[in-house]
Amino acid sequence: MTWGSFMRRWNGWGSEDTPVPEALSQQLLQFLEATIGAGSTLRKITLTEAINRVSETRVMEHPLLDTTPETRLRHARGQSLPDWLAMRSGNIRVFPDAVAKPKTVEELRELLREAHKKNLCVIPYGGGTSVVGHINPVADERPILTINMGCMDRVIAVDRESQLITIEAGATGPRIEKQLANLGFRLGHYPQSWEYSTIGGWVASRSSGQQSLGYGRIEQLFAGARVETLSGRLEIPSLPASAAGLDMREVILGSEGRMGIITDVTVRVSQEPELECFETLGLPSWEIGVAFSRDVAQQRIPLSMLRLSNPLETASHIAMNGDSRSLSKIGIGNVLITYGITGSNDHCLSTRGRLEELAKKYGISPSDIYRNDEWASGRFKTPHFRDSLGDLGYAADTMETAVNWSRVKETAQRIEKAMSEALSEEREKVLVYSHLSHIYPQGSSIYTTYIFGY
């Protein structure tokens, strides 16, 4: 599967031509061995071996269907940890019988007609980044057809006056922002999977981006759509608001492709900002960090993002990245807040002033705040770590939940305790750390990472 000029890894994240730097591997290895002990590397099968395990197709030839074993292999799993293990080990078992890559709505309709006529099970496929299993074929008496929307990735309508842009559903994050930048706009939706996930997938999974505090979650950006179903086209018009009846957008948001295949999405965009900066400050404890983050949300200080790392995540990231400057700034055992300010020059100055005033309440002076350009340049590198960790003999996965502020500290503590003790009977340690990834006036998302040895 190609994305631009790059070939996606068939059994991992990223492109085939981005090897893991040796220095990074050594640093990770030393940190993990000291924290949870040595891992055991698992054998990886080769692409040739994996292709030889692909079952025979059950569909007849059709000009829009690709039944080659490698294409079917590359569409057999998403990006969850079980998917990753299956692809690395070759324990895949079930494959789509065919893959289609329609270039137009007319081709998509023909595929749906063919699926209806031949009783095929259809799986809509965006960027293949799913971690919930909905793009994985399961054993079925019916042949399985995966429809990859990646060839439909263009901006097809622009309403400058209303700041509405219509984009084909297969457009990835970089593809979207490149096209919008040429028009002077920005969508600003940056999920961790931004490099490869698609706008159709964002709507279907009700995703949230790293800067949703400023730009909005996908349900706030989503204005309308067109969806192809077996009963015809569903059109959801883009309206600024409505007080009439049910909201059909809610039927499609989070539907994971069950209602039909999204062909294009109309989104609310913003003018390209004059300024955007990311800054970091250290706080003395997790409790103070949570209180500070809650104050930011409830005072509605207009940041574009805020992320609060707990002490172990802070220490882990410093160790993994070798960031001695961060270490000297915040000190051992403290917590780190990274936040973004986006907008006009006046807006950025005003927002920074409000944040500095709030920081004084917690004993933080403006000198404790510093620019963190490294965060912006490396914001999408975390998913790439899983392959390097796997090569070192460690498994890594994440989970996320959202609770009210009154439950944030207790819930984070209980999650981490349960995970850290999960392998105690096997006498294995688990490295567990968390951060608050999205904040709201009523509560926050808790994003937890856990790493353990094979």
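Figure 1. Leaving aside neighbours within four places in sequence, T351 touches I301, P302, L303 and I341 (contact means heavy atoms within 4.5 Å). T351 belongs to helix α14, residues 345-361; helices are DSSP runs of H or I with at least four residues, strands are runs of E with at least two, and both are numbered from the N terminus. The relative accessible area of T351 is 1%, so this residue is buried; buried means under 20% relative accessible area, exposed over 50%, and partly exposed in between, with a 1.4 Å probe and protein chains only. The model is predicted, local features need pLDDT of at least 70, side-chain atom pairs count only at pLDDT 80 or more, and totals for chains, interfaces and linings use all residues. Residues are numbered from 1 along each chain as its sequence is written, and side-chain values use heavy atoms, with hydrogens and water left out.

**Figure 2. Strand β14 and its two partners.** Strand β15 (residues 335-343) pairs with β14 in the antiparallel sense over 5 bridges; strands count as paired if DSSP finds at least two bridges between them. In β15, G340 is the bridge partner of M305. Strand β18 (residues 430-439) also runs antiparallel to β14 and is joined to β14 by 2 bridges. There, L436 in β18 is the bridge partner of L308.

Figure 3. The antiparallel pairing of β9 (residues 222-229) with β10 extends over 5 bridges, and R233 in β10 is the bridge partner of E228.

**Figure 4. A115 in helix α5.** A115 is located in helix α5. Its relative accessibility is 3%, so A115 counts as buried. Apart from neighbours within four places in sequence, A115 is in contact with L120 and V122. The C-alpha atoms of A115 and P143 are separated by 9.3 Å, the two residues being 28 residues apart along the chain.

Figure 5. Of the 8 residues in helix α16 (residues 385-392), 7 are buried: F385, R386, D387, S388, L389, G390 and L392. After α16 comes G393, with a positive phi near 100 degrees. R88 and D391 form a salt bridge, with their closest N and O atoms 2.9 Å apart; a salt bridge is a side-chain nitrogen of Lys or Arg within 4 Å of a carboxyl oxygen of Asp or Glu. This pair links distant parts of the chain, with R88 in helix α4 (residues 81-89) and D391 in helix α16, 303 residues apart. R88 is buried at 8% relative accessible area, while D391 is partly exposed at 37%.

Figure 6. The structure holds 25 salt bridges. One of them joins the side chains of R175 and D153 (3.2 Å, N to O). R175 is in helix α6 and D153 in the loop between β5 (144-148) and β6, so the pair ties together parts 22 residues apart in sequence. R175 is partly exposed, at 32% relative accessibility. The side chains of E276 and R186 also meet in a salt bridge (3.1 Å, N to O). Because E276 lies in strand β13 (residues 275-283) and R186 in strand β8 (residues 185-186), this pair ties together parts 90 residues apart in sequence. E276 is partly exposed at 27% relative accessible area, whereas R186 is buried at 13%.
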